[in-house]
Amino acid sequence: MVTLKYQERFKTDKGVFDEFTKRTLFELQSKGMFDEVNIPLKVGKESNVFVAKHEGKNIIIKIYRMQNCDFLRMFGYIKQDPRYNFLKQHRRQVIMAWTQREYKNILRAQKSGTRVPAPLAWRNHILVEEFIGDGDIAAPPLKDCPPQNPNKFFEDLIIQVQKMYAGGLVHGDLSSFNILNHNEKPVIIDFSQSTLTKTPNAQELLIRDIKNITNYFIKLGVKCQTEELLQKIIASAPKKNKE
Ligand SMILES: Nc1ncnc2c1ncn2[C@@H]1O[C@H](COP(=O)(O)OP(=O)(O)OP(=O)(O)O)[C@@H](O)[C@H]1O
Ligand SMILES: [Mg+2]
């Protein structure tokens, strides 16, 4: 049951469980998406991430904070995405579209064969996705758990970025925060800033992504170069993505 007990249990998450959120959680729960919200995992810039149980297995629930997330920053990004150019600058509308877009982006990345958490559901400002980890232990972000074999991990990561790009998607916020190290394999998360390759700012976001990851891996001794990688990723995509 979605009741006040969430607020009581998660005092640190004040402001997340307003009436609208409780109602949305209840709707998702009624559809059988999860049994109960269990543990707060992370408090991010715009969202709170929880672990919940579904048929005995862990799943992730990401709740965007309706009252205090920076919807103007979100609007700045999303209005450039051709899928959302109808959007008006209304807080609620922008946050919901943002959540829906993240769900659609993960779905697209999954279809392209990129290693990502399976997207399970989306409703209003709440996203439900597969839990990446072992048992109750969530896979750590790369920033907290550098790879044992940086060259091998990097190679695998570039394959993931190529698959994403070939599927028509640029991540847009790729960094050691949004790459999980799951048993020495990269799993890419947080598709909130991802956009279609045909979006006007896609190239700019791709360059930023590649710079972020090359900077990180150069420090670990990997020999890589931003420009070369960029060409490699673009060249491996179908022609329609380059137009
Ligand atoms: N599917 C998942 N499996 C395991 N851990 C996850 C998963 N999704 C998120 N996490 C954990 O929660 C943290 C925050 O998630 P995420 O990056 O999606 O949100 P965020 O950084 O708050 O996003 P935003 O930039 O939209 O505010 C991640 O760094 C990761 O540690
Ligand atoms: Mg993140």
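This is a predicted model: local features need pLDDT of at least 70, side-chain atom pairs count only at pLDDT 80 or more; totals for chains, interfaces and linings use all residues.

User: Fine. Which elements give two or more residues to the shell around it?

Analyst: Those are S1, S2, S3 and S5. The largest share is from S3, which puts in three residues.

User: And which residues come nearest to ligand 1?

Analyst: There are 22 residues around the ligand, and the nearest are Lys42, Lys62, Glu129, Glu130 and Asp190.

User: What's the class make-up of that shell?

Analyst: The shell around ligand 1 splits into eleven nonpolar, four polar and seven charged residues.

User: OK, polar contacts. How far is Lys62 from a ligand oxygen?

Analyst: A polar atom in the Lys62 side chain sits 2.8 Å from an oxygen atom of ligand 1. For Asp190, a polar side-chain atom is 2.9 Å from a ligand oxygen.

User: What about Asn178?

Analyst: In the Asn178 side chain, an N or O atom is 3.1 Å from an oxygen atom of ligand 1.

User: How much of the ligand's accessible area does the protein cover?

Analyst: On its own, ligand 1 has 620 Å² of accessible area, and the protein covers 93% of that.

User: Now the pocket itself. What volume does the largest pocket have?

Analyst: About 720 Å³. Its lining counts 32 residues, and the ones nearest the centre are Lys42, Val49, Asn178, Ile189 and Asp190.

User: Changing topic: how much space lies in the second largest pocket?

Analyst: The second largest pocket holds about 230 Å³. Its lining is His54, Glu55, Lys57, Asn58, Ile59, Leu120, Glu130, Phe131, Gly133 and Gly135.

User: Glu130 was on the ligand list too. Which element gives the most to this lining?

Analyst: S3, with three residues. Glu130 does come up in both places: among the residues nearest ligand 1, and in the lining of the second largest pocket.

User: What classes are in there?

Analyst: The second largest pocket is lined by three nonpolar, four polar and three charged residues.

User: Which residues line the largest cavity?

Analyst: Val161, Met164, Tyr165, Leu169, Val170, His171, Leu174, Leu206 and Asp209. Helix H5 (150-166), strand S8 (169-170) and helix H6 (202-219) are the elements giving two or more of them.

User: Which of those gives the most?

Analyst: H5, with three residues in the cavity lining.

User: Great, that's what I was after.

Note on methods: Residues are numbered from 1 along each chain as its sequence is written. Chains are lettered from A and ligands numbered from 1 in the order in which they are written. Side-chain values use heavy atoms; hydrogens and water are left out. On a 1 Å grid over the protein atoms alone, a cavity is a set of points where a 1.4 Å probe fits but cannot get out, and a pocket is an open set with protein on both sides within 12 Å along at least five of seven lines; lining residues have an atom within 4 Å of a point. Helices (H or I, at least four residues) and strands (E, at least two) are DSSP runs, numbered from the N terminus. Grid points are joined across faces, edges and corners, and a volume is the space filled by probe spheres set on the points. Ala, Val, Leu, Ile, Met, Phe, Trp, Tyr, Cys and Pro count as nonpolar, Asp, Glu, Lys and Arg as charged, and the others, Gly among them, as polar. A residue is near a molecule or strand if one of its heavy atoms lies within 4 Å of it. A polar contact is a pair of N or O atoms within 3.5 Å; within protein, one must be able to donate a hydrogen and the other to accept it, and residues adjacent in sequence count only if both atoms are side-chain atoms. Accessible areas come from the Shrake-Rupley method with a 1.4 Å probe; for residues, only the protein chains shown count as cover.
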